[in-house]
Amino acid sequence: MTNFIERIKDYFTRKDCADMAIRAWKSTNEELYANFCKRMDAVSKGDLSVLLDMYQMMQECMPPEALMLYNWLSDFMNGKGVQHIANQQWAGKYTDIIAQCITNKRLWIGINVKTGTVELLTAPKSELLMVHSETPIEVWNRLPQETRSYLTGQLDILMRNSKGCYLLSKLERKMVYQSLVYVSRIIFLSHAVFVGEIMANLYDYMMEKKDTLAYCMYYFVVFDHGLSRMAKLLDRLLNSGEVDNGDMLLMKLCVTLLVHKSIEMGTENKAEWEDTAEACNPEIWKEVMFALRKVKGRRGNKKVMQSLDDILVGNKERIKQGIRSFLEENTEDISLAYLLKSLINAGRIKASTRYMTFHRAIEQFSQQHYGHDIPQKRYGEIKDMTLDSPQRGSSYTKAKRTIDRWTDYFAKNG
């Protein structure tokens, strides 16, 4: 497969490209996406087929180092010789970095999700995904009390059923708990360093294979409030009455992750999560509200990514045919301002549409790059201009002539 991480170094360019491609795909595949949403809703009724399909796809995106880790864990859990396990590279080329981080808790692992690079650092960097290892005691003490109580209860049951374990003292039992936390830390750090390659593989999977499931998952999460919809799905499972303490704990952890990740990605905001929580079981409501207290909201204007099909009103194919003719005839960047004005005047695009939303949609549609500074400024000048009022200057005369002509065209052909 083509490595798009290498072909497009700039992360934001790559993301914008993917966003627009998914938008355009969904506009022409409404039925496929609607079927995916039905399959997601069916999870609450016990149909897990869509989750199994997602798992299979993600498994194919795992780098070879992840498979090494799973084999190593299998040997560890099956009690293979200690020396044999110690000599294994449990995470491939990342093993030494992870080992150094675990043995020296002052060190940090920095993962650049945009390029896939991994490095060992003495202090965190704001632009990287940063993880570091703590001692088993520190990790154990930071776990929520509810989580610790559940884990100790389950481990005590396991040890009571194991020969010899029932004779362990309280201190020895605590050491067992902390040892398991230590192993979980190895797993956590190992998976963290895989993130860059997993994202690169997933991007290739989507953009080259054009896999329907991958497209649906992307649109669901990024554009259709998928993470808050998953929280509502968990709420329906909770209300089914077939949930034990372990299920409840897992659901709460999932809800916390959904809140944090959605706000971090910018797909949801705090107000939207508060509205979601109001319709949920009190247990889910409490978890959402507690998570919102700890998370920082994203500030600033969110970049709007929409395809032409998303913003056009009327016979979209006929309008797009007209847009092609306009772009062939008017090749200057500034002409896009006149095109948008014409479409709005003809009622083919809502007047509230931002210029840059339109500009990105045109670039995706035409597969051409246009400079945005000049047409954006020009659109700001003519946006509220009354075209039949007396004006001066050849520039205005040319603009009015172009806008009048294409306004008439789109009014008749849309």
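Me: What does Phe36 touch, once you skip residues up to four places away in sequence?

Reply: Its contacts are Val50, Met54, Leu213, Cys216, Met217 and Phe220, where contact means heavy atoms within 4.5 Å. Bear in mind that this is a predicted model: local features need pLDDT of at least 70 and side-chain atom pairs count only at pLDDT 80 or more, while totals for chains, interfaces and linings use all residues. Residues are numbered from 1 along each chain as its sequence is written, and side-chain values use heavy atoms, with hydrogens and water left out.

Me: Which residues touch the most other members of the largest nonpolar core?

Reply: Phe36, Ile323, Leu339, Phe358 and Ile362 do, out of 58 residues. To be in a nonpolar core, a residue must be a buried Ala, Val, Leu, Ile, Met, Phe, Trp, Tyr or Cys, joined to others through side-chain atoms within 4.5 Å. Helix H11 (residues 212-222) gives the most, 9 residues; helices here are DSSP runs of H or I, at least four residues, numbered from the N terminus. Another core of 20 residues lies apart from it, with Leu69, Trp72, Tyr94 and Phe194 among them.

Me: Why is Leu51 called partly exposed?

Reply: Its relative accessible area is 35%. Buried means under 20% and exposed over 50%, with partly exposed in between (1.4 Å probe, protein chains only), so Leu51 falls in the middle class. Leu51 sits in helix H4 (residues 49-61).

Me: What makes Leu48, Leu51 and Leu52 a nonpolar patch?

Reply: Patch residues need over 30% relative accessible area and no salt bridge; nonpolar side chains (Val, Leu, Ile, Met, Phe, Trp, Tyr) are joined within 5 Å, like charges within 9 Å. These three form such a patch on the surface, with about 270 Å² of accessible area together, by the Shrake-Rupley method.

Me: What makes the Tyr33 and Tyr219 pair edge-to-face?

Reply: Rings of Phe, Tyr and Trp (its six-membered ring) pair if their centres lie within 6.5 Å; planes under 30 degrees apart are stacked, over 60 edge-to-face and the rest tilted. Tyr33 and Tyr219 are 5.0 Å centre to centre with 75 degrees between the planes, so they qualify. The pair links Tyr33 in helix H3 (residues 30-41) with Tyr219 in helix H11, 186 residues apart.

Me: Why is the pair of Tyr219 and Phe223 tilted?

Reply: The planes are at 45 degrees, with centres 5.4 Å apart, so the pair is neither stacked nor edge-to-face. Both residues are buried. They also belong to one aromatic cluster, along with Tyr33, Phe36, Tyr218 and Phe220.

Me: How do you know that Asp310 forms a salt bridge with Arg23?

Reply: A salt bridge needs a side-chain nitrogen of Lys or Arg within 4 Å of a carboxyl oxygen of Asp or Glu. The closest N and O atoms here are 3.6 Å apart, so the pair passes. Asp310 is in helix H16 (residues 308-311) and Arg23 in helix H2 (residues 11-27), 287 residues apart. Asp310 is partly exposed at 28%, whereas Arg23 is buried at 13%.

Me: Why are Lys286 and Glu283 separated by about one helical turn?

Reply: Because they are 3 residues apart in helix H15 (residues 282-294).

Technical notes. Helices (H or I, at least four residues) and strands (E, at least two) are DSSP runs, numbered from the N terminus. Accessible areas come from the Shrake-Rupley method with a 1.4 Å probe; for residues, only the protein chains shown count as cover.
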